[in-house]
Amino acid sequence: MSSKRVLKLTFIVAFLSVLPMFGQQKIFKGDPDKSFENARKMAFNQQRKQAQDTLQFILTKYPNYQDVRSFLATTYSWDGDYIKARKEFAVILDKDSNRKDTWIAAIKNEIWGDTPFIALEMSNKALDIFKLDPEILYLKAKAQEKTSNPQEALATIQLAINQNPADQNAKDYKLSLNNLLSQNTIGINSSVDFYSKTFDPMQYYNLNYGRQTQYGSIIAKVNFNRRFNENGMQYEVDMYPKITKGLYAYANFGFSNSFLFPDFRYGAELYKSLPKSFEVSLGFRALKYSTNTTIYTGSVGWYKGNGYFSFRPYLTPGDKGVSKSGTFTYRNYGSDSDNYIGISAGIGFSPENNQFNISSTITPIVNLKSQKINLSYYFSSSNKQNAWGTQFGLTHQEISFDQGNYFWIYSLTVMWNLKFK
């Protein structure tokens with residue numbers, strides 16, 4: 001074959017290989033408004049990728065169709081592609097900085113993307129254009145809270161309310177900020193146990209003071225009991241130190257000079273958040289009566305929507321082996337952690353939970369049989385400063401000094417907490 005024919009054949013092959021590429025080039029020729037409407041329907045009908053392809057296709061011919069680009073950026077933000085969304089919003093605002101809806105969507109994108117400092121900077125730029133706009137002030141307050149400035153956020157949201165007194169979202173947010181800034185809490189708990197036989201009613205009272213700090217919370221308690229026709233007091237401190245994101249601890253220490261309480265009690269537990277809204281923990285409690293009693297415990301918790309499920313076992317080694325008990329709890333939350341209804345059920349006896357139902361003049365017995373159920377209801381005032389709660393419990397328990405025989409225990413608890421700055 002001559003070199004001339006080879007060259008000609010090579011040219012034909014190259015031309016045929018490039019030709020499909022030209023055939024694949026698509027040019028938008030439809031109605032951009034109708035296509036935009038169809039893309040919106042797809043985006044709201046769980047067809048996000050098809051919608052984005054359509055929006056991008058429209059922009060190949062109409063790059064200045066800003067509503068299309070803004071909606072494309074918004075879909076990126078919904079999908080968690082915050083950087084992609086930021087780029088598209090920036091294109092729009094560089095050409096037209098008077099688009100308030102685009103500013104709002106762009107600021108939300110930064111808040112959702114956990115870049116609150118960028119959101120705060122954008123909020124200030126938007127407010128230079130839209131003076132004292134309540135919607136942008138609301139987002140600025142959100143950004144300030146996320147940059148650990150809740151006090152500034154409170155002042156900003158008050159400005160938003162001043163501009164639009166009917167904005168219920170802003171009012172609700174102000175309440176939540178006040179609640180966040182109320183780092184001090186005092187509370188009173190009162191409980192009574194009624195026994196079906198053998199014992200007179202037993203009374204328990206608790207006065208506590210708690211404070212939230214940047215390192216975690218700390219709670220001081222004074223417990224007063226009236227049991228066996230005797231009075232006694234115990235002093236305790238609970239701490240919940242923050243270690244790192246998703247990891248915190250619990251530590252407790254208490255002491256008493258009354259036989260109604262252990263001489264000393266202490267404990268520690270480590271909590272770890274896991275994917276899929278799970279949380280696990282592992283720890284121990286120790287009670288010193290005439291001898292030491294150590295209880296090993298832990299928990300598995302799962303948050304599902306407004307619901308919370310948890311299981312906590314207790315293992316208590318003793319002379320006759322290891323005593324085992326466990327409690328299952330379910331809570332359904334309302335607006336926050338101070339508003340919920342709950343139910344718990346358990347089997348087995350643990351000195352951690354039943355230390356007041358034993359004779360404290362002898363070494364605690366840990367192999368008693370017991371079944372219990374507890375119903376609870378907690379709620380708060382509209383301004384979130386006051387919180388109340390009540391519990392009713394029913395326990396079927398083996399008598400410590402007459403094993404094999406049982407009594408019923410009917411328990412009632414009421415509590416009140418006050419938050420303040």
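I take a residue as buried when its relative accessible area is under 20%. The model I am examining is predicted.

**Entry 1: the whole protein**

By that cut-off, I find that 41% of the 421 residues of the protein count as buried. I then looked up the accessible surface, which comes to about 24,100 Å². Carbon and sulfur atoms account for 58% of this surface. For secondary structure, I recorded 11 helices and 14 strands. I also examined contacts between residues at least 6 apart in sequence; 44% of these join residues at least 24 apart.

**Entry 2: strands S8 and S9**

I turned next to strand S8, residues 292-304, and strand S9, residues 307-318. How do these two strands run, and how many bridges join S8 to S9? They run antiparallel, and seven bridges join them. The two strands form a hairpin, with two residues between them. In the turn I noted Gly-305, whose phi is positive, at about 60°. Along the pairing, I found that Tyr-296 has Leu-315 of S9 as its bridge partner.

**Entry 3: strands S9 and S10**

I followed S9 onward to strand S10, which covers residues 321-333. S9 pairs with S10 over 12 bridges, in the antiparallel sense. Here too I recorded a hairpin, with two residues between S9 and S10. Which residue of S10 is the bridge partner of Leu-315? I found Lys-324 in that position.

**Entry 4: Leu-315**

Leu-315 is the bridge partner of Tyr-296, and Lys-324 in S10 is the bridge partner of Leu-315.

Technical notes
Residues numbered from 1 in each chain as written. Predicted model: local features only at pLDDT ≥ 70, side-chain atom pairs only at ≥ 80, totals over all residues. Heavy atoms only, no water. Helix = DSSP H or I, 4+ residues; strand = E, 2+ residues; numbered from the N terminus. Buried < 20%, exposed > 50% of the residue type's maximum accessible area, 1.4 Å probe, protein only. Contact = heavy atoms within 4.5 Å. Areas by Shrake-Rupley, 256 points an atom, 1.4 Å probe, with all protein chains shown as cover. Pairing = 2+ DSSP bridges.
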